[in-house]
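Please read the following report on aromatic pairing, helix geometry and nonpolar packing alongside the sequence and the model.

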Amino acid sequence: MRRSIRLAVAMTATTVILMAQTQETILSKLRTSVAESQAAATAGLAAFKTLAKTGNIQSYGFQQGDDIASAALGQASVEFLVRLDQLREYQPGKDAVSLLSGGDKVVYPVTIGGQVRSSIVVDKGASGWKAVAFGGPQLIQRLSEARGKVSAQAAATMLVNVGALGAYFLGEIRGAQLFLSSLADQPELNLKAGATDEAPKVFAALAPIARSFNGLPR
């Protein structure tokens, strides 16, 4: 049940609530999703500790010598999806926040001694919140590092997933603006890890790439 970046894309595409949102609904979703998912994340952490002890701990992002029993949850990030069809239609001047869908998935870092090792993904399904995936060390470490550099002007942060293109961003709401920071270098998308820009500029640059995307795995 290891979580890779590709698996995360597939899971998000199948479970997300497909509705555009405003900045007000985004901020509300950030608060409620974190609050509502905490109990499921805590239960998931207990299950993860058992799973990691019986499996290959490196495959989940842990290191030899890590005290799995001491693992703790870090600061949660709510995940929003940018759908390919909406990105293809994006035009400069359109509200970038309206492209965000979902918000019913929360990613929790799993830390040992304050160091981010792995993650737990908690999803709101028909029967309520539950842990659905474990692992994904590279993505969560990149996200945690980006959050450590977030602007002091940011009122809220989130994980933004451009699913079909396999691109992940740290999203920051600063006043009335959404800013995006790429979590990885992706030369084919003209993205550089850590580069931050206004979301409308990022989406405008990705829109032609999305329009030419043939649907094959990247």
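How many aromatic pairs does the count come to? With rings of Phe, Tyr and Trp (its six-membered ring) taken to pair if their centres lie within 6.5 Å, and planes under 30 degrees apart called stacked, over 60 edge-to-face and the rest tilted, the count comes to four aromatic pairs. The model is predicted, so local features need pLDDT of at least 70 and side-chain atom pairs count only at pLDDT 80 or more, whereas totals for chains, interfaces and linings use all residues. Residues are numbered from 1 along each chain as its sequence is written, and side-chain values use heavy atoms, with hydrogens and water left out.

Two of these pairs are set out here by the distance of the centres and the angle of the planes.

| Pair | Centre to centre | Angle between planes | Class |
|---|---|---|---|
| Phe-48 and Phe-62 | 5.5 Å | 50 degrees | tilted |
| Tyr-90 and Phe-203 | 5.9 Å | 75 degrees | edge-to-face |

Helices (H or I, at least four residues) and strands (E, at least two) are DSSP runs, numbered from the N terminus. Phe-48 belongs to helix 2 (residues 23–54), while Phe-62, 14 residues apart from it, lies in the loop between helix 2 and strand 2 (72–73). Tyr-90, in the loop between helix 3 (84–88) and strand 4 (100–112), is 113 residues apart from Phe-203 in helix 5 (residues 199–212). Taking buried as under 20% relative accessible area, exposed as over 50% and partly exposed as in between (1.4 Å probe, protein chains only), Phe-48 and Phe-62 are buried, and Tyr-90 and Phe-203 are buried as well. Phe-48 and Phe-62 also form one aromatic cluster with Tyr-60 and Phe-134.

Helix 2 has 32 residues and reaches 43 Å from its first C-alpha to its last, close to the 46 Å expected, the expected span being 1.5 Å times one less than the number of residues. This helix bends by about 45 degrees at Gln-38, as the angle between axes fitted to the seven residues ending there and the seven starting there. Thr-32 lies in helix 2 and counts as partly exposed because its relative accessibility is 34%.

A nonpolar core is a set of buried Ala, Val, Leu, Ile, Met, Phe, Trp, Tyr and Cys residues joined through side-chain atoms within 4.5 Å. The largest has 51 residues, and those with the most contacts inside it are Phe-62, Leu-87, Met-158, Phe-169, Phe-203 and Leu-206. Apart from it lies another core, of 11 residues, among them Val-121 and Leu-139.
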